[in-house]
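Visitor: Please take a close look at a single part of this model, and describe how it is packed into the rest of the chain.

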Amino acid sequence: MTSSSRPPIFSPAYFRHFVKFGVVGATGVVVNEGLLILFQSAGVYLLIASAAAIEISILSNFVLNDLWTFRDRRSGNAASRLVKFNLLMLAGLVLNLAVLYAGVDYSGITAVVANLVGIAAAFFLRYALSVKYAWMRIESAEEGQPAPLPETLTGPQTTRG
């Protein structure tokens, strides 16, 4: 397949996915920040509180992205998509925690603000990983087009011959 058979990165489909990913990400920010504040007020150590808040927001983002943002790109079963997504989002978690730690310990900014900066820093990394690997569509070698999705996403998959 040639690179010219792939849709351009600035196509309407990519733009729609990017905007939807951003909307889902905004809900994840609310979940993440709210839980961070809650966990810290309960006395949980900052990095543990943040890691837990990030992981819970990753799970909520997966559900929304799977049902809405990338519905047209999903393949396989939900459990395998969740595992793949969660593993990929760990890169964003590490970046987010590093920015949070540096912001609080070295820059003296509050945890909530440092966490927002970490979320922003990880946003594009998470989007790129999501598009490229989490909801990757297998392409047909013959046509250079995305392979058709199965009729039912929850039933057994058939192999193409």
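**Helix α4 and its surroundings**

Guide: Helices α1 and α4 cross in a right-handed sense, that is, with the near helix turned clockwise from the far one by less than a right angle. The model is a predicted one, in which local features need pLDDT of at least 70 and side-chain atom pairs pLDDT 80 or more, whereas totals for chains, interfaces and linings use all residues. Residues are numbered from 1 along each chain as its sequence is written, and side-chain values use heavy atoms, without hydrogens or water.

The axes of α1 and α4 come within 10 Å and cross at roughly 145°; these axes are lines fitted to C-alpha atoms over the stretch in contact, with angles from 0 to 180 degrees between N-to-C directions. On the α1 side, the contact (heavy atoms within 4.5 Å) involves residues including Y14, F18, F21, V29, L36 and I37.

Helix α4 comprises residues 111–134 and contains S130. Because its relative accessibility is 0%, S130 counts as buried (under 20% relative accessible area with a 1.4 Å probe and protein chains only; exposed is over 50%, partly exposed in between). Beyond its neighbours within four places in sequence, S130 contacts F21, F70, F85, M89 and W135. M89, with the same exclusion, contacts I58, R126 and L129 besides S130.

The buried residues of α2 include L46, I54, I58, F62 and T69, and their cover includes α1, α3 and α4. Helix α2 (residues 46–69) and helix α3 (residues 78–105) have axes that come within 9 Å and cross at roughly 145°, again in a right-handed crossing. Among the residues making this contact are L47, I58 and F62 of α2 and F85, M89 and L100 of α3. The contact divides into 16 nonpolar, 5 polar and 3 charged residues.

Helix α3 also holds G103, which is buried, with a relative accessible area of 7%. Not counting residues up to four places away in sequence, G103 touches G108, I109 and A114. Although G103 and G118 are 15 residues apart along the chain, their C-alpha atoms are separated by 8.8 Å.

For the chain as a whole, the secondary structure comes to 4 helices and 0 strands, helices being DSSP runs of H or I with at least four residues and strands runs of E with at least two, numbered from the N terminus. Of its 161 residues, 34% count as buried.

Methods. Ala, Val, Leu, Ile, Met, Phe, Trp, Tyr, Cys and Pro count as nonpolar, Asp, Glu, Lys and Arg as charged, and the others, Gly among them, as polar.
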